[in-house]
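The following paragraphs walk through one protein structure, moving from a single side chain to wider packing. Please keep the sequence and the coordinates open while reading.

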Amino acid sequence: MSERLCPEDEGADHEASRTTPALPAWIVSRPRLTDRLARAVRGRLTVVVGPVGAGKTALALEWAHTRRLPGPLAWVTCDGRAEQPAVFWPRVTSALRDAGVLVPDAVAGGEGPLLVAALAAELNRRTEPVVLLLDDFQPAPGSPVADGVSSLLRHTSGLLRLVVLARRDPPLHLRRGRLASDVTELRTADLAFDDRETAALLAQHGIDVPKQTVSVLRRRTDGWAAGIRLAAMSMEKLERQGEPERFVDRFAGDDEAVASYLVEEVLDLQPAAMRRLLLTTSVLDRVNAELAAALCGDDIGGHFADLVRENSFLHPLGHGWYRCHQMFADVLRMCLRHETPGLVVPLHRRAAAWLGAHGRLAEAVGHLLAADERDLAAELIVRHLAIGQVLGLSRSPLPDGLTRAGPQEPGSGSGPEPALLAAAVARVRGDDQTCGRHLELAEKLLAGSQEHDGQEENDRIVRCRLAHAVIRMDRLRADDPEQAYAAALEVEAAGPLLPHTALAQHPEIPALTLAVRGAYEVRAGHLKAAEASLTGALKAAGAAGNGALRRDCLVELALLEAVRGRFRAADELAAHATQPPLPSWCAAERSQAALHLVRAWVELARGEPGRARHELARADGVLRSSPDAFLAELRALAAGVAAAVERAGPLGCGPEVLDELVRSARLPVTVLRTVTPACAFVLGAARGGRALGPALPDRVGGRPARAEQLSPRERDVLDRLAQMMTTEEIAAELYLSVNTVKTHLKSVYRKLAVTRRSAAVRRARELQIL
């Protein structure tokens with residue numbers, strides 16, 4: 001027996017009395033919960049609430065038989081909802097007597113409030129506590145039994161330690177007890193088995209399976225004790241055939257044993273209205289009162305509060321939302337299909353309509369797919385500007401069912417939306433030929449759409465054209481930057497025609513648009529514009545949770561800095577692009593070639609032409625599968641510089657070498673003008689005394705002017721700024737408010753004499769603060 005857990009001043013230790021049922025051999029030891037129960041009975045009220053089969057009684061039995069109690073234990077097994085005062089109170093007084101508590105005949109023979117008052121007075125004469133455990137205590141709120149127990153607890157001055165086991169919240173003023181810290185609650189989530197307990201239960205049935213299989217079973221059952229036990233009984237029969245692991249993979253609420261148990265113990269005991277509410281809302285993954293009314297009608301939906309109060313298979317998710325226990329939901333859906341099969345599809349449609357109208361797009365799309373309404377799902381996705389989510393550009397993905405089945409041919413007479421969805425799905429699956437075919441079909445359908453006087457139809461056309469452009473951007477940005485840029489211009493032209501906040505709610509679209517624009521501007525030689533576009537894309541990609549796009553923007557910015565000759569900044573940006581949590585490249589991509597090219601220029605600046613040639617070879621390998629004329633020219637220029645450095649040795653090169661390299665490079669004039677000083681530095685002309693270009697702050701000796709010293713916290717903020725983190729991300733990482741971060745940023749800008757983020761980072765690098 002374990003060490004005594006009650007305070008020394010609470011009287012002698014006690015063990016389970018003869019009123020307590022015997023401890024079954026099949027009970028799984030759960031010390032983590034019996035310890036909590038032992039601590040809980042130091043207070044006045046302990047409530048253990050969970051669905052049928054959750055292990056409430058088993059837990060109480062283990063506690064009663066393995067822990068020393070603060071006083072005698074009187075165990076009363078109740079009649080659930082059918083509890084009658086004339087039966088209940090004699091059971092209570094009899095259990096107290098059997099536990100060794102003195103209850104005079106005059107008290108035991110009383111009735112109603114007089115009995116409760118007399119019993120409270122008798123208990124108050126004691127010097128040690130009494131533990132009264134009520135198993136399956138489910139009286140109706142305001143019933144004589146509920147009011148009597150509340151009164152008894154209220155008038156016993158803490159000497160009565162009440163433990164209640166129930167399938168729903170007992171009507172004992174729990175909210176008042178919570179405010180006074182007088183109640184301890186163990187609920188369904190607390191009662192759920194963990195992996196160790198699941199393995200121990202399986203071991204009782206001779207089942208030995210890998211830990212991964214144990215975890216799968218526990219997740220499938222939501223840790224529900226009865227479900228695990230039923231699964232173990234079935235697995236025991238399959239053990240000889242070596243199939244228990246395969247059984248777990250397909251075990252669900254539609255298992256015959258589970259379904260029979262839950263239908264008999266739960267569903268068939270519900271009133272007709274409650275049963276209909278349970279079955280109807282079973283199509284939902286989560287539900288609230290308004291959604292329940294939308295599906296069932298106000299007359300049935302109005303019972304939702306009763307459903308929540310009466311059914312512990314519903315888990316609260318917060319803000320009025322609830323989730324049904326996974327296995328019970330499986331049983332409800334099976335019963336719905338069997339009893340009213342024609343109702344399933346209309347329910348999914350109703351759910352999709354409500355969820356779509358309330359901005360819960362992913363759930364709405366899931367219901368439309370379940371109803372086999374793919375065309376309606378396409379219309380909803382395009383209307384909500386969510387085509388980027390289909391393409392995987394956002395951290396808010398849509399259901400896997402959209403892409404798992406592959407693109408489907410639009411039906412005859414349908415609008416452009418199904419063709420757009422099919423194109424996006426084909427793009428995700430890497431089928432560019434099918435993607436292009438569906439884009440052409442969507443373009444034809446859009447070309448046949450005339451402008452209407454109705455604002456709604458014109459708005460629909462704008463959203464379709466925007467979706468078309470987004471898919472083209474995603475498809476072409478790696479292979480044809482110029483065409484991708486044309487699509488980006490279409491997206492920007494559509495923006496003003498939409499409501500003001502429409503694109504703000506989908507940062508993945510501005511992120512892709514600005515990234516495409518920035519990449520094109522780099523290659524066109526518009527370097528200042530490219531910096532602004534790529535910086536904006538980086539911020540939008542962070543808001544969208546798009547790590548791949550964020551990585552590519554960092555690489556493009558690094559390339560831009562390398563072209564400008566700011567090699568230290570280029571090296572740091574390239575390093576950030578390859579650090580977790582940003583993803584690595586899973587295939588040869590253009591940005592990977594750019595990364596190797598940046599590293600090559602950095603190695604040249606360090607005087608390491610051999611390492612530079614190694615990086616150039618790696619860039620060459622990527623460019624063979626993902627051609628990029630601009631990167632190829634920069635690669636050729638870097639290769640020429642590397643060869644010249646190796647030929648010249650420590651003496652450096654003359655101006656004619658630089659002139660020849662620049663003349664042979666087929667790059668935009670502005671890029672040539674910018675990259676020439678960087679080449680001059682790398683070629684070592686300054687060491688030979690022939691200045692071929694201006695001194696560059698990241699790489700030339702001489703100390704820049706000092707700035708006012710930054711505080712440690714300002715340095716922290718500046719460091720995150722250099723990592724291209726947003727203000728919100730900096731605040732979250734440093735545990736500061738957004739306003740505090742903005743205050744630090746203003747101070748950093750003032751001390752560094754700059755007005756923008758990029759300028760602050762650049763200036764800090766020049767001053768060797770970063």
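Which residues does Arg 229 touch, not counting those up to four places away in sequence? In this predicted model, Arg 229 touches Trp 26, Val 28, Leu 201, Gln 204 and His 205. With His 205 there is a polar contact, side chain to side chain, at 3.1 Å. Arg 229 belongs to helix α11, which spans residues 225-238. Its relative accessible area is 19%, and since buried means under 20%, Arg 229 counts as buried. Thr 198 lies 31 residues from Arg 229 in sequence, and the C-alpha atoms of Arg 229 and Thr 198 are 8.9 Å apart.

The nonpolar packing comes next. In soluble globular proteins, nonpolar side chains tend to be buried together. Here the largest nonpolar core contains 172 residues, and Trp 601 and Val 641 are those with the most contacts inside it. Leaving aside residues up to four places away in sequence, Val 641 touches Trp 601, Leu 604 and Leu 661, as well as Cys 679, Val 682 and Leu 683.

A pair of aromatic rings is described by the distance of the centres and the angle of the planes. The model has eight aromatic pairs, counted with ring centres within 6.5 Å. One of them joins Phe 88 and Phe 137, whose ring centres are 5.9 Å apart with 40° between the planes, a tilted arrangement. Because Phe 88 lies in helix α3 (residues 85-98) and Phe 137 in strand β3 (residues 130-137), the pair ties together parts that are 49 residues apart in sequence. Both partners are buried: Phe 88 has a relative accessibility of 1%, and Phe 137 has a relative accessible area of 0%. Elsewhere, Trp 224, Tyr 261, Phe 313 and Phe 328 form one aromatic cluster.

The last stop is a hairpin. Strand β6 (residues 314-318) and strand β7 (residues 321-324) run antiparallel and are joined by four bridges. Within this pairing, Pro 316 stands opposite Tyr 322 in β7. Two residues lie between the strands of the hairpin, and His 319 has a positive phi near 60°. What lies over the face of Trp 321? Arg 286 does, at 5.0 Å from the ring centre.

Terms used: Residues numbered from 1 in each chain as written. Predicted model: local features only at pLDDT ≥ 70, side-chain atom pairs only at ≥ 80, totals over all residues. Heavy atoms only, no water. Phe/Tyr/Trp six-rings, centres within 6.5 Å; stacked < 30°, edge-to-face > 60°. Buried < 20%, exposed > 50% of the residue type's maximum accessible area, 1.4 Å probe, protein only. Lys NZ or Arg CZ within 6 Å of the ring centre and 35° of its normal. Core = buried A, V, L, I, M, F, W, Y, C linked by side-chain atoms within 4.5 Å. Contact = heavy atoms within 4.5 Å. Polar contact = N/O pair within 3.5 Å; in protein donor to acceptor, adjacent residues only side chain to side chain. Pairing = 2+ DSSP bridges.
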